[in-house]
Amino acid sequence: MTDAAIPTVPAADLHYDRATIAFHWLTVILVVGLFALAEIWGFLPRGTPTRRLLQSLHISFGLLFAAVFVLRAVWRLGAGRRLPPAGAGWLRVASSGMHGLLYLLLAAQIVLGFLFRWAQGEPFAFFGLFDIPTLISIDHEQRRFIGGLHNTVAWSIIVLACIHAVAALFHHYVLRDGVLRRMTSSR
């Protein structure tokens, strides 16, 4: 079937399903929250109870984010609603590239988070309920490299997410094509 044979439906009439929308916004909240926690504890002296609390929350919410990410990916590959691209030409390429890169960086960040914690050789607990066992022994000397990479990927995700948000606002206010409403409401 050619593109010409596919019926076109205005973007304003297309919406993602509730689960896809929930996974999207939960991801946004977790990513921004994890980033904020890491940035805030950077201003606190090492070893203080508040800094340790923020780090513990970062680890726990990071584990929650890992679970949400896996569930989101499974949902997207399986039952999640697929919509036609919002644009054509370079807009379509940019959109697909942005989504692909964000997914890749989010997955990499999860892996780096696990590796970094294991390299630190410290407890890896989920809200104090249970510990995550060390599955891979990481040389303590690798800690600084992995931590630096974890930080670089975090900043990359934030920058790309901001570009993604600006693009959504551009679609909404300039192009007025209903693309933003796809992810803000469902039917």
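## Where α2 meets α3

In this predicted model, helix α2 touches helix α3 through Ile59, Leu63, Phe65, Ala66, Phe69, Arg72 and Arg76. Their partners in α3 are Tyr103, Leu106, Ala107, Ile110, Phe114 and Arg117. Sorted by type, the residues of this contact comprise 10 nonpolar and 3 charged, with no polar ones.

The axes of α2 and α3 come within 11 Å and cross at roughly 145 degrees. The crossing of these two helices is left-handed.

## Where α3 meets α4

The axes of α3 and α4 come within 8 Å, at a crossing angle of roughly 150 degrees. Angles over 145 degrees count as roughly antiparallel, so α3 is roughly antiparallel to α4.

This crossing of α3 and α4 is also left-handed. The contact of α3 with α4 is made up of 19 nonpolar, 8 polar and 1 charged residues.

## The nonpolar core

In soluble globular proteins, nonpolar side chains tend to be buried together. Here the largest nonpolar core has 29 residues. Within this core, the residues that touch the most other members are Val31, Phe65, Phe69, Leu106 and Ile157.

At least two core residues come from each of α1 (18-41), α2 (49-77), α3 (90-120) and α4 (143-175). The biggest contribution is that of α3, with 9 residues.

## Leu106

Which residues is Leu106 in contact with, leaving aside its neighbours within four places in sequence? They are Thr27, Val31, Phe65, Phe69 and Ile157.

Key
Residues numbered from 1 in each chain as written. Predicted model: local features only at pLDDT ≥ 70, side-chain atom pairs only at ≥ 80, totals over all residues. Heavy atoms only, no water. Core = buried A, V, L, I, M, F, W, Y, C linked by side-chain atoms within 4.5 Å. Buried < 20%, exposed > 50% of the residue type's maximum accessible area, 1.4 Å probe, protein only. Helix = DSSP H or I, 4+ residues; strand = E, 2+ residues; numbered from the N terminus. Contact = heavy atoms within 4.5 Å. Axes fitted to C-alpha atoms, helices over the stretch in contact; angles between N-to-C directions. Left-handed = near helix turned anticlockwise from the far one by under 90°. Nonpolar A, V, L, I, M, F, W, Y, C, P; charged D, E, K, R; others polar. Parallel < 35°, antiparallel > 145°, perpendicular 65-115°, else oblique.
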